[in-house]
Every structure is written in C-alpha cells, then in structure tokens.
Amino acid sequence: MLNLNNIICRIIQNDNFEISVMENNGNEISDILTKNKFHYNAVDINDKSLQGNMLILFLKDQDLKKYYDEIGKLLLIFQKDFIIIRKLDTKNYITDIHNMIMSLGFNIIFKLEENKLFYYFYVYNISNYKKTPDWLNNENWANPELWEK
C-alpha cells in the first residue's frame, strides 16, 4: 500500500542524489528523509547558490503562487528532478495553483490520501517535458527520404 513514506522513497530511489528541500507546510518530508537516512539540505527559495540533483518543494499553496517566478528560474538549475508536493485538506486539487504548476511543465505523478489529508506530487524533468507526438516520426513527414514525394 502506498503511503507518504513509500512514495518519497520511490521518488528518490537511492542516496546518490544531492537533495535540496524547501519546506514550510509541515515537516513530513524532512522527517521521512531523516528516518530513511537520505542526506538532504534544507534550503530557502531565495538562496542564489542552489545546486544539486533534486529539489523538493513542500510549500503552502499561497507560497507556490508567490514564488512562481522563482520556481520558473529554478527549472533551469534542476532540469532533471524537481518535485513539488502539495498538501491539501480536500480532494479538489484542480485549482489555479494546479494550473500554475502544470503551466511550468510539471506532470502529476502521484495522488495520495493519508490521515484525511491529500498529497499531490508533481515532477519536472526536461527529458520528458514534452511527449513526441505520434505523427512526428520517420514514417511520416519527418523522414527526409520522403520529402521529394
């Protein structure tokens, strides 16, 4: 059965990541990382020296909205593994905040209900930011050998 601990461990998978965590929506994420002996750095969104392999944001919705521009800039640094976790007290996650996160190129990967709270996991990875459409392949117009036909 999936729970918050299992999902975090599944996302991280190994301890070869340099994990940065920004958290102001409770300590669930840092507690799980500590319990599972994952090394991480607690950071601030305005820290100009942010670097590493993975960034996890566990911020209140109003702060996600407030830091929209900063999150967009952080995508340039954390192009491979950037996780946003939303914690809500309702199943209704499709809000302006959800739309804002999706507009930055994140994909929702997990939805979890635990202790009457709802957790929504979004991930950004430049390698799967945009799916290649079916028509864009060497069987169709993208094949230079067919251009003369």
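The model is predicted, so local features require pLDDT of at least 70 and side-chain atom pairs count only at pLDDT 80 or more, while totals for chains, interfaces and linings use all residues. Residues are numbered from 1 along each chain as its sequence is written, and side-chain values use heavy atoms, with hydrogens and water left out.

**The sheet**

Helices (H or I, at least four residues) and strands (E, at least two) are DSSP runs, numbered from the N terminus. Two strands are taken to pair if DSSP finds at least two bridges between them. Strands of a sheet pair through backbone hydrogen bonds, either parallel or antiparallel.

Six strands form an open sheet in the order β2-β1-β3-β4-β6-β5, with mixed pairing. The edge positions belong to β2 and β5, each of which has a single partner strand, so one side of each lacks a neighbour in the sheet. On average, neighbouring strands of this sheet are turned by 20° against each other, direction ignored; axes are lines fitted to C-alpha atoms, for helices over the stretch in contact, and angles run from 0 to 180 degrees between N-to-C directions.

| Strand pair | Sense | Bridges | Partner residues |
|---|---|---|---|
| β1 (residues 19-23) and β2 (residues 40-42) | parallel | 3 bridges | I19 and Y40 |
| β1 (residues 19-23) and β3 | parallel | 5 bridges | V21 and I56 |

Burial is stated by relative accessible area: buried means under 20%, exposed over 50%, and partly exposed in between (1.4 Å probe, protein chains only). In strand β3 (residues 54-58), 5 of the 5 residues are buried, so the strand is largely enclosed by the rest of the structure. M54, I56 and F58 point one way from β3, whereas L55 and L57 point the other way, and all are buried. Strand β1 is mostly covered, with 4 of its 5 residues buried.

**Helices**

Contact means heavy atoms within 4.5 Å. Helix α2 lies across β1, β2, β3, β4 and β6 (117-124) and runs at about 150° to β1. Helix α4 (residues 68-77) lies across β1, β3, β4 and β6, at about 145° to β4.

Helix α1 (residues 4-12) packs against helix α2 (residues 28-35) at an angle of about 70°, and their axes are 10 Å apart. That makes α1 roughly perpendicular to α2, a class covering 65 to 115 degrees, where under 35 is roughly parallel, over 145 roughly antiparallel and the rest oblique. From α1, the residues L4, N5, I8 and I12 meet E28, I29, I32, L33 and K35 of α2. By class, this contact has 6 nonpolar, 1 polar and 2 charged residues; Ala, Val, Leu, Ile, Met, Phe, Trp, Tyr, Cys and Pro count as nonpolar, Asp, Glu, Lys and Arg as charged, and the others, Gly among them, as polar.

E114 lies in strand β5 (residues 107-114) and is partly exposed, with a relative accessible area of 21%. Not counting residues up to four places away in sequence, E114 touches N3, L4 and Y119. The C-alpha atoms of E114 and L4 are separated by 7.6 Å, although the two residues are 110 apart along the chain.

D61 is found in helix α3 (residues 61-66) and is buried, with a relative accessible area of 18%. With residues up to four places away in sequence left out, D61 touches R86, L88 and I97.
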